[in-house]
Amino acid sequence: MAGTLPDRSVVDLHHNDFLTCGICQELITDARILPCLHSFCFRCICARTESHQSEQRPALCPECREPISVEADSFKNNFFINGLAELVRSKTAKSMQCTPCGLKGRSSPAEMKCLNCGDGLCTDCSDGHNASTQTHGHQIVSLGDLREGLHDETFRQLQRIQCQQHQDKDVEYFCQSCHLPVCIACVIFLHKDHNTQPITEAVSFLKSMMKSKVEIIRKEFKEVSKQEMSILSLTKALKKKRELKTSRIEETAEREIAIIKSRQHDSLRKLSTETKEIEKEHNTMLQELSQQKNRIGSCVDFCDSILETGKDDELLMLKTTIVDRLQQLKGHAMAIHKTDALTVAKDDEQNEKQDKKQTTQSEASVSQTISIPSRYNMKFQRTFSAKFKGDTKNPNIKGTAYSFGAGLLISDLANKKVKMINSCGKLKQEITVDGFYPRAIAVAGDIIAVVSENYLCIFTLKGHLRTKVKLNKNKPDEGLPFTYSLAASDDVGIVVGNIPGDKRFHVYNLDGTLKKYLDCSIRFPLASLSVTPEGDIVMSEWGSGSLRVLSSGGKDRWSSREYDTGWKPNGTCVSRDGTIFAADYHLGGVRVYSSSGKKCLQYKTKRDGLHCPSHVAFDEEGSLYVIDAKDGINKYTV
C-alpha cells in the first residue's frame, strides 16, 4: 500500500498512548473504531458494553462519553491502528522463533525477518528464503535493525489488507458504487459492472476531500477554544470582582466593628468612672447610715430601758432631753434613701437614652452599608432550565425559595420532587418521598418546609424528612381546590395560609409544632406568602389584586392597591434589607417595592424570553431568580 509514515516513531506514539487501549491500558489488540473515532481492544469494548447493558445503563465511549451502539458487529476494524500495533509488536518482541524450522518440528531462534511474509528466519533459512520464485523478491532484514526502527517505513508499505470476500488476495481497487475496497477477483466477478478504480486514485481524491473537511473542523476547534478562553476570562474576572467586593465588604465591616468597639470601650470606661463615683458616694452614705444607725440604736435602747425600769420622776426630769433627741432623729434616714434613689433613677434613665441613641446610630450606619440603592435596576445574566436528567415529565413549578446552604429550591409537581440548584444552574440534589406532591415551599434556618396536598412536610437541608403535619384535619388529604400558601423565617416560624374553610393563618414552630393562629382580614385566594426581616407578612392577594403587608400581629402595614388597581401578583420574595419583589404573570415582568411600600421598578422580562413569570427568589449575593411555571429560570443582578 502506498504512503509514508509520520515523522514520529510509532513506538513514541505508543508511549504517548496513541496505541494504548483506554480500557485495559495495554498495547491495543484487534482494534475496533467507534463512530467518535476512538479505538479500543475488541474484547475490552465488548465487555464494557455488555456490562452497561446488564445494568440497564446507556453504553458510552470511555474517552468522550458519547453514546455508542451495543451491537458487536457495529465495531469496525481499525486497520490503521492494527497495522501500527503489528509493527510495534514486531519491534518490541524480546525473542522470535524461525518459522520454517517450526514447520519441520525444530526450534531455532530467528535472527532475521521477512517483511513480505512476516516469517522469522534463522541464518540457514534466511540464506535460502530468496531461492524460490515465489519469495525471490522478498525483503529480509535483521531483527536488530528492525528493533532500531531502520525499516519502519518499508514494514508499513509491505503490510497488506486482505479482501473480505477472498481471504487469499489483497485489496487493490476501490468500488465507488459500493464504497468498498475490493481485490482483483471482486472487480472481475462481483463488481464487474460497477465504477471501480485503483486504490491510489481513490485515495488521492479522498485525501483532498478529508483535508478540506479537517480544515473546517480545525476552524471549529479554534472557535470552541476561543469561546473556552472567553468563558475562562469571564470566570477569572468574576472571581476577581467577587474578591474585590468581598474585600470591600470585609473592610466596611471591620470599620463598623472598630467604631462599635471604640464606642463600647468609651461606654465601658464612662460606665466604670460613673459607677466608681456612685460607689464612693454609696460608701460615704453607708458610713453615715452606720453612724446614724448607732445613734438611733443607742437612743432606742436608752428609751426602752428608762420606760421599763425608770421611775416616773426620773422620766419627767429627762423629758425635754429625750423628746428633743427623738424629734431630732425622726425622718432623717428616710431623707437619705429618697435622695439616693432619685439620683440613681435619673442616672439610669440618662444612660438608657444615651445607649439607645448610640445603638440607633450604629444600626443606621450598618444599614447604609448593606442596603440596596434607592434607584433599582435589574440586569439580565443568563437563562437555564429546571428540567434535568431523570425527569420523566416536563416540570410544573409550584413554588421556589432560596437558602445559603441549599441554593435555589424549586418544587416540581409534575416530577414529584424538590430540586436544589446552584447559582450556575447545575442540579445539586433532589428531594422526593413516597406520596409526595410538592407545591408551596419555604426555607428558614436549617429546615425546608413544603406543602404536599393537605400536609406540611419539614425536611433538613440534606433532604431528610423530619416531620409531616396534617394542616386541616377536617379536609381530605388529596384533591384540594387550591394550594396552600407558605412562608418561613427564623423569628416568625412557618406561616401557612389559604386553608380551606379557615380564614386564619396557622403559625408553626420550625419543628412542626403549632405555635398560634393569626386572625386577619384577607380577600382569598393568596398566590404566595413571604416574611420580611422585621417579621412582617407579605401577601400576594389575588382577591384584592394587590400586595399587602401585615405586622406579625395581623395589622395592616401597607397595600399596593393605591398604585395597582386590578393587578394580579404572583410569587413574592424579600431581600435582607426588606425590598419586596413580585412576579407579574399577566404583564410578563417583575415589580419591586421598598419596605415602606413605594413602587421602585417595573421590569419587563419578555425582552429576555420569559413571558409569564410565576415565582421569584433572591439570594445573598444580590441575584434575583425569575421563574415561570414550566422550566424557564432567568437570573438577574439587582
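**Exercises on strands and a buried glutamate**

The bridge partner of alanine 442 is alanine 449 in strand 16. This is a predicted model, in which local features need pLDDT of at least 70 and side-chain atom pairs pLDDT 80 or more, while totals for chains, interfaces and linings use all residues. Numbering starts from 1 along each chain as its sequence is written, and side-chain values use heavy atoms, without hydrogens or water.

**Exercise 1.** Describe how strand 15 and strand 16 pair.

Step 1: Locate strand 15 at residues 438–444 and strand 16 at residues 447–452 (strands are DSSP E runs of at least two residues, helices H or I runs of at least four, numbered from the N terminus).
Step 2: The two strands run antiparallel, with five bridges (pairing needs at least two by DSSP).
Step 3: Two residues lie between the strands of this hairpin, and glycine 445 has a positive phi near 60°.
Step 4: Strand 15 is largely enclosed by the rest of the structure, because six of its seven residues are buried (under 20% relative accessible area, 1.4 Å probe, protein chains only).

**Exercise 2.** Work out the surroundings of glutamate 541.

Step 1: Find glutamate 541 in strand 24, residues 537–541.
Step 2: Its relative accessible area is 1%, so glutamate 541 is buried.
Step 3: Its side chain makes a polar contact of 2.2 Å with that of serine 544 (N or O atoms within 3.5 Å, one able to donate a hydrogen and the other to accept it).
Step 4: Beyond four places in sequence, glutamate 541 is in contact (heavy atoms within 4.5 Å) with residues including Arg523, Leu526, Arg548 and Pro569.

How values were computed: Buried means under 20% relative accessible area, exposed over 50%, partly exposed in between (1.4 Å probe, protein chains only).
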